[in-house]
Amino acid sequence: MAERILDVKNLKIDFHTYAGDVKAIRDVSFHLDKGETLAIVGESGSGKSVTTKSLMGLLANNAEVTGGSIMFHDQDILKKSEKEMQNIRGKDIAMIFQDPMTSLDPTMRIGQQIAEPLIKHKHVDKKKAWSQALDLLKLVGITDAEERIKNYPHQFSGGQRQRIVIAIALVCYPEILIADEPTTALDVTIQAQILELMKELQEKIETSIIFITHDLGVVAGMADRVAVMYAGQIVEYGTVDEIFFNPQHPYTWGLLNSMPTLSSTKLEAIPGTPPDLLDPPKGDPFVARNPYAMKIDAEQRPPFFKVSETHYAATWLLHPNAPKVTPPDEIIRRRQTFKDIMAHKAI
Amino acid sequence: MSEKQRKILEVKHLKQYFNVGKADEVKAVDDVTFDVYEGETFGLVGESGSGKTTTGRSIIHLYEPTAGNILFEGKDISKLKTKTDFLSFRREMQMIFQDPYASLNPRMKIKDIVAEGIDIHHLAKNDAERSKVVEDLLETVGLNRDHSSRYPHEFSGGQRQRIGIARALAVQPKFIIADEPISALDVSIQAQVVNLLKDLQREHGLTYLFIAHDLSMVKYISDRIGVMHYGKLLEVGTADEVYAHPLHDYTASLISAVPVPDPEYERTRKQIPYDAAGEQDHPGNPRKLREIVPGHFVRCTEEEVALYKKKAAAYN
């Protein structure tokens, strides 16, 4: 049994706006084990970024946590003061943001930016911190690091800047690394390099990663487990194979179906748009866009049904009394692969 | 691609340099040649800085080319001089932009945004006809007729991109340049917009130049594909050929970097590294697009042709 380092339970977050309260996170629970990568996937507005910001204590001023707990080891992050959070942030839990252009300080040498967390959190003296920064800069693959450490952010390309951002995040060997769309702003070839680097570093420093993205391709390559979010809720979670090859929620089907693979000839779009979270639907949030919706989907929120020890999905289709439906062809094809994988594992 | 198909656009040795003669001269597009046939979708892929967007902008004459010719319907667009020339050219060629938030004027109502082309080209006799045309267009792109009196901020990203498409369609163009039309949209919405573009192409016989960095989407929508890198066009072929049998090392490297929503595939994926040093031209032995197999071109020297032919044969 892996060591559990993070346990989020029944998290609820509202945003107070002039138009009313936006219920951005509606009862979200998940956990993170040591050394694993959990991917949270979802569309914009699904709540994936808000969830991770709450882990860092970085919610906007108009946000209010209305329920739940975030247990980091045996302490509740939600009960921490800003001062206490400053000791956790960057040291135990670090974050990589989407845009490498804006997450660095343009007026500060990058060596200083990498060394700063060490000086602040680990009370390392400046000289030692710089030498550790140099080691890390080499580790993330910046060539000519001795010279480059004195440079400013504008002297680096986008991919190099993201490497520097990763160096800053990892300098204190955090237990949890939150990566919020870390490669979305990069070209595919650079993206592949950065993802490879993250995997290597994860092995070296044994950090756990929460990976936020909308790109299912990236998820397939990075994640051990996947949680699918929709309209402020997790609708399905499981191991990466279970989500990609044996998905149960119609939203997961829709997502997989609307992504082109290099061999696909037809794309099935999900009709419509996500619901307005000022007034979220009371049943399954996907009901309005779901071709498999039943009457109960509009009336009652489905509980999580167990598919396997590691795989749960919140859809009424898994209720024993639900009619049997035929998923899209692409999903049937994927399930066949799942059977092959399971058969292979059994041998 | 059948032989009979008519060339609607011919780009010949297009060069688009910026800051010519200065120390920071940029060869954004450097000797690019390709044709687009009527009714097809030509996908232009490349990473940032490859010159794909500049190529698109040169084609719709937002820039004056440094050298080379662009022929639309057989006519050289650099010969367009008068206002009426440009009016009729831009009635036939329209553009859909990347950012659905920045490309709609926030102070204009949807009906006025969509009807701007109709007004400029005097395509509606009176107000009633104008409204009807606009409402029909909104319906065509999957929006509500009564959306016409709303403002852009009332719409989601996907809906705004539909408005941008309606605006482009309003003047009944033959040719549409779509510059990264879906990269700002969510996955579930991307497929909606791409399918809409495909349907409209079938119904109106449109020709598309589809510019994007998302290779799997380009492969899905395009009949033929051109791969750009550092301002040069490296490979041209049918979408299936270029993906299944990439000849240029850069194309192979690019395809190998695309993440695929399949964990089994991802576990075995090997990224092919690429070294651009091999692209350097040697004086007296210039590289240009040469046909390796029918319809499949690679930028290479005379000597390299045999090498690529061997590579192509090895695929079969």
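Predicted model: local features only at pLDDT ≥ 70, side-chain atom pairs only at ≥ 80, totals over all residues.
1. Residues are numbered from 1 along each chain as its sequence is written, chains are lettered from A and ligands numbered from 1 in the order in which they are written, and side-chain values use heavy atoms, with hydrogens and water left out.

2. Chain A is divided into domain 1 (4-223) and domain 2 (250-346), with bounds that come from an automatic or database domain assignment. The C-alpha centres of these two domains of chain A lie 30 Å apart, and their contact (heavy atoms within 4.5 Å) takes 14 residues from domain 1 and 12 residues from domain 2.

3. The area buried between domain 1 and domain 2 of chain A (the accessible area, with a 1.4 Å probe, that two parts lose on being put together, summed over both) is about 1,100 Å², of which carbon and sulfur atoms give 58%. On the side of domain 1, A:R26, A:E43 and A:L216 supply 52% of the area buried against domain 2, more than any other three residues.

4. Between the two domains of chain A there are 2 salt bridges, a term that stands for a side-chain nitrogen of Lys or Arg within 4 Å of a carboxyl oxygen of Asp or Glu. The side chains of A:D27 and A:R301 also meet in a salt bridge, at 3.8 Å from N to O.

5. Turning to the chains, the contact takes 30 residues from chain B and 39 residues from chain A. Chain B and chain A bury about 3,000 Å² between them, 62% of it on carbon and sulfur atoms, and in chain B the residues that lose the most area to chain A are B:V187, B:Y220 and B:P261, together 22% of what that side buries.

6. Across the interface of chain B and chain A the rule finds 1 salt bridge; A:D241 forms a salt bridge with B:R267, in which the closest N and O atoms are 2.8 Å apart.
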